[in-house]
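Biologist: I am new to this structure. Could you take me through it, one question at a time?

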Amino acid sequence: MQTKAKIKSINCQHFINGQFVESKNQRTFENINPATEEVLGTVSEGGKEDVDYAVAAARRALKGPWKNTTLQERSKILRRIGDLILERQEELAHLESLDTGKPFGLANSIDIPRAAYNFHFYADYITSIGTEAYQQDQQALHYSYRRPVGVVGIIKPWNLPLLLLTWKLAPCLGMGNTAVIKPAEWTPMTATVLMEICKQAGVPDGVVNLVHGFGPDSAGGAISEHPDIDAISFIGEPGTGSAIMRSASDSLKKLSYELGGKNPNIIFADAELDEVIETTIKSSFVNQGEVCLCGSRIYVERPIYNEFVSRFAEKVRALIVGHPLDEDTNVGAMVSKEHYDRVMGYVEIAKKDGGTIVTGGKRPDGFEKGFYLEPTIITDLSRNSRCIREEIFGPVVTVTPFDIEEEVIMQANDTHYGLSATIWTRNLKRAHRVSHQIEAGIIWVNTWFLRDLRTPFGGMKNSGIGRTGGMHSIDFYSELSNITIKL
Ligand code: NAD
């Protein structure tokens, strides 16, 4: 704790053409600590003029020295960025915790190491990829030539700020693109430090640019509609995705979307219950439930329903809700007042819809300030309740019994979302059968959040467009030309 105490929050400026700059109109907004409601610092509020400046820098850099870097040189830069993130791990984890309200221990063990790994992974991956070639009898040889997409707008959410930014930025830079980044307005700090790191690692000026600000009528809107931005990589809510699609339609941008989820966690009676409960605690409440992959709809086969609810609730009551910088804290503060009110609104809806609050549902005792909510389990809701149908994105889960496989598959798919699902069973045939019928891009059997960065990641239905990970990211951040040579 000694070192962390010395780490201070920072004021956040834009980073454009290799320099930290304030907004053209000098506007700023306050960054609020969700754990204390105190002001952490100021953030430059970017708008169209700042985005224009950043896009011009990114466009120049695309044609400048960055164009002539070799794959090996870019790989070395990515590796160096990953190394520098690890060198500043504790500082970054501290800033992430201050900004988001997540426990420092979580940021220090998951968010920041994974941010470094995103760069290390793509440092290796980009050096091993090839392109297709086809020999058409004696007539012709066809091969694909890969080049960057151009200037990429990266628009980010607040829940895993550095982890998700680096997940996009590493392959984007690896394939030779330049970027204009807009972090979420509630969590600007680690993205700002990453700009320093990129510069130190040897990223040329203008290749990476950052503009802080809000969504529509602000930096986010200006990026979405900018005619000189070629592609947008967006992570956030489906409604925002639609708005960005509308703004981006005039210039027909290439889009990659990772959106929300209302993910089913399906527990069959033959599952290993101790392991189920241990993992379900994480898949329900890690990061205050503010993870797109959280299994917020829990379905339990009737014979073990009562036992599951009572054992799960007992463990959940033992979770420590506390200040994000306290070592013992399991569940920190939610990110903002606006989000806290929204999540509490769902608890009220559950009560009105006849739900039973098994545990939680209220601010923990002893917290006058900060956006804290006890981890909450709700039962007895009908499938039409908004709590079952809509993404709550907080420490709130519903538990529903089921009797037969077909019924739970139908309920699991009864949503506009299709991001992820978890299935717990010892029956291998059933695991395959159910997995193949669940409409989700990511399906875990007897585990949760186990990731291999080579695999396709993303959602179907309203949970996303396209896949990232491994070659899927390479394809998004590059354009292919097919060259045909007559033999
Ligand atoms: P959000 O959609 O409200 O905001 C995301 C970003 O978009 C922010 O930077 C915001 O300023 C910007 N924005 C808002 N309106 C805009 C507009 N009209 N034009 C351009 N930019 C605009 O999402 P959020 O509340 O920050 O994040 C939570 C959501 O993100 C949840 O739905 C969650 O499931 C989803 N998410 C998905 C994944 C995934 O991998 N699928 C990962 C993390 C979060």
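**Helix pairs, loops and confidence**

Modeller: We start with a pair of helices in this predicted model. Helix α3 (residues 71–87) packs against helix α5 (residues 104–125), with axes 8 Å apart and an angle of about 165 degrees.

Biologist: Are α3 and α5 roughly parallel or antiparallel to each other?

Modeller: Their angle is about 165 degrees. Angles over 145 count as roughly antiparallel. So the term for α3 and α5 is roughly antiparallel.

Biologist: What is the hand of the crossing where α3 passes α5?

Modeller: Two packed helices are described by the angle between their axes and the distance between the axes. The hand is a further item here. For α3 passing α5, the crossing is left-handed.

Biologist: How do the residues of the contact of α3 with α5 divide into nonpolar, polar and charged?

Modeller: From α3 come S75, L78, R79, I81, G82, D83, I85 and L86. They meet I112, P113, A115, A116, F119, H120, Y122, A123 and D124 in α5. By class, this contact of α3 with α5 holds 11 nonpolar, 3 polar and 3 charged residues.

Biologist: Next, α6 and α7. Which word describes α6 relative to α7?

Modeller: Helix α6 spans residues 161–174 and helix α7 spans residues 189–201. Their axes come within 9 Å and cross at roughly 45 degrees. That angle makes α6, relative to α7, oblique.

Biologist: How many nonpolar residues are in the contact of α6 with α7?

Modeller: The crossing of α6 past α7 is right-handed. P161, L162, L165, T166 and L169 in α6 meet T190, A191, L194 and C198 in α7. The contact of α6 with α7 has no charged residues and 2 polar ones, and its nonpolar residues number 7.

Biologist: C172 is found in helix α6 too. Is C172 buried or exposed?

Modeller: Not counting residues up to four places away in sequence, C172 touches V152, I154, N177, T178, A179 and Y477. C172 and I154 are 18 residues apart in sequence, and their C-alpha atoms are 9.5 Å apart. The relative accessible area of C172 is 0%, so C172 counts as buried.

Biologist: How many charged residues does the contact of α14 with α15 have?

Modeller: Helix α14 (residues 405–413) packs on helix α15 (residues 428–437) at about 35 degrees, with axes 10 Å apart. E405, I409 and N413 of α14 and R430, R433, V434 and Q437 of α15 make the contact. Beside 2 nonpolar and 2 polar residues, the charged residues in the contact of α14 with α15 number 3.

Biologist: Now the loops. How far apart are the C-alpha atoms of I129 and I474?

Modeller: I129 lies in the loop between α5 and β5 (133–136). Its relative accessibility is 22%, so I129 counts as partly exposed. Leaving aside neighbours within four places in sequence, I129 is in contact with R146, M175, M471 and I474. I129 and I474 are 345 residues apart along the chain, yet the separation of their C-alpha atoms is 8.9 Å.

Biologist: What is the relative accessibility of N287?

Modeller: N287 is in the loop between α10 (273–285) and β13 (297–301). Beyond residues up to four places away in sequence, N287 touches K102, L106, N159 and L160. N287 counts as buried, because its relative accessibility is 2%.

Biologist: Q288 is found in the loop between α10 and β13 as well. What is the phi of Q288 near?

Modeller: Most residues other than glycine have a negative phi. Q288 is buried, at 1% relative accessibility. Its phi is positive, though Q288 is not a glycine, and lies near 60 degrees.

Biologist: D380 also has a positive phi. Is D380 buried or exposed?

Modeller: D380 sits in the loop between β15 (376–379) and α13 (386–389). Its phi is about 65 degrees, and D380 is not a glycine. With a relative accessible area of 51%, D380 counts as exposed.

Biologist: Where in the chain is confidence lowest?

Modeller: The chain has a mean pLDDT of 97, and 99% of its residues reach 70 or more. Confidence is highest in strand β8 (residues 178–182), at 99. Where pLDDT is low, the predicted coordinates should not be read in detail. Confidence is lowest, at a mean of 56, in helix α1 (residues 2–6).

Definitions and conventions: Residues are numbered from 1 along each chain as its sequence is written. This is a predicted model: local features need pLDDT of at least 70, side-chain atom pairs count only at pLDDT 80 or more; totals for chains, interfaces and linings use all residues. Side-chain values use heavy atoms; hydrogens and water are left out. Axes are lines fitted to C-alpha atoms, for helices over the stretch in contact, and angles run from 0 to 180 degrees between N-to-C directions. Helices (H or I, at least four residues) and strands (E, at least two) are DSSP runs, numbered from the N terminus. Angles under 35 degrees count as roughly parallel, over 145 as roughly antiparallel, 65 to 115 as roughly perpendicular and the rest as oblique. A crossing is left-handed if the near helix is turned anticlockwise from the far one by less than a right angle, and right-handed if clockwise. Contact means heavy atoms within 4.5 Å. Ala, Val, Leu, Ile, Met, Phe, Trp, Tyr, Cys and Pro count as nonpolar, Asp, Glu, Lys and Arg as charged, and the others, Gly among them, as polar. Buried means under 20% relative accessible area, exposed over 50%, partly exposed in between (1.4 Å probe, protein chains only). pLDDT is the predictor's confidence in each residue, from 0 to 100.
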